[in-house]
Amino acid sequence: MKSNRYIYIIVLLCMSFQLKAQQVDKISANPVFTADYIVGTFQHKEGERERITSHFVSLSAMLKTGLNENSFFVDYGKPHIGVSALGGVFSNRDVYGSVWSLYPTWQFEFFPDKQVGWNIKLGTGLAYFTRPFDKFDNTTNFLIGSKINNITEIAANAWIALAPQLQLQTGVSFYHFSNAHVRIPNLGLNQAAVRMGLIYKPDEFSKFSAKPRIIQEPDSMLHRQLELSFGRHELAYSTLPVDGPSYSIFKLGYYATKRLQRIHEVKIGLAAAFYNSYFTQMRFEQAEGVKFLQATQTRLVAGHEFLMRRFGFVSDIGIIITDPFYRQEILNKTSFGDQWFRSYLSARLGLKCYVVGNSFSAQKIALGMFLNTHGTIADYLEFSASFGW
């Protein structure tokens, strides 16, 4: 389990620094610094009136992109990119303790030269909780089951200029915390929040030579991609059983890919995932039949990737063709209201970091990290190596 966390941290830091380096060494630096105070609420348990209040402080440091017209960031609307740090406490500290996080951030500005404007902020990364579920001394925290979790932030803010370099902003945010079913319980913590803070934009303080970077236009050929993946999860529902063993998942995918315009790549193909948890359970129960095949899920996959030179943002949707053990032993023995979705639909969302070539190359190698779902429910955390040619 610890090795998974270290890989998670290394990949995220790699992506964060790649975001920064792609622009800083090529263009003039236009920094933006933001400080916010954030208050939010969420339900401790479903159906209860009691709500838990959170108090966060958020600090962000970002740079303006797209100042070089050859940059691919021009196609993304020239966002600000950088890093955000968030820390805070919860009103019920005995159960939830405090949270600390660091994650890459994108911010899109609207009407930046006006007296009044607004922005949209997106970010995802790591969060550390000091009080996750514990079967001995913290048995009521069913939302957060591990100390290391993912944090995803979506925020919309309006601002007014107080001075040429200083703005006052206020807005709303949505935060999601989850460990991708790696440790149970994992209902996930979702909360809406309001924020208020200051944006500081100093004058340009560093200048670099603007070296043009020409991105190769997409060709008309279909390319191929082979992907090998390793995942981890617990064989459990969202809250029970707790403190169970963690199992490995091995997946092989083969896809046809095509690049559309400069920043889009689409794919279609097949993927097969072997669940060691299913296989172990069938061996324990001395089930009949070919256990390897019953423990293997196959799916038809269609996906899209936003290309960002050294990394990419991937979203896949899958139609599950075969999934014998899950359908027979899990879905048929529960009363889930969305059984059809869990039986036939899957999704995958995550990031790639290109280590050989780049996302625009015809031949490339990438490392990836993804969240997989059965329907809308987290299934496992996946690490992958993909080869495109």
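Leu260 stands opposite His264 in strand β11 of this predicted model. Strands β10 and β11 pair in the antiparallel sense over 12 bridges, where pairing requires that DSSP finds at least two bridges between two strands. Their hairpin has 3 residues between the strands, and Gln261 takes a positive phi near 55° there. On to the next partner: β11 is joined to strand β12 (residues 296-308) by 11 bridges, again antiparallel, with Leu270 opposite Leu300 in β12. Helices (H or I, at least four residues) and strands (E, at least two) are DSSP runs, numbered from the N terminus.

Helix α3 (residues 276-285) has Ser277, Tyr278 and Met282 as its buried residues, buried meaning under 20% relative accessible area and exposed over 50%, with partly exposed in between (1.4 Å probe, protein chains only). Because these residues cover an arc of only 130° around the axis, they lie on the same side of α3; the arc is that of the directions from the helix axis to the C-beta atoms. Arg283 and Phe284, on the other side of α3, are exposed. The cover over the buried residues of α3 includes β9, β10, β11, α4, α5 and β15, contact meaning heavy atoms within 4.5 Å.

A word on confidence: pLDDT, the predictor's confidence in each residue from 0 to 100, averages 87 over the protein chain, and 87% of the residues score at least 70. Residues are numbered from 1 along each chain as its sequence is written, and side-chain values use heavy atoms, with hydrogens and water left out. Local features need pLDDT of at least 70 and side-chain atom pairs count only at pLDDT 80 or more, whereas totals for chains, interfaces and linings use all residues.
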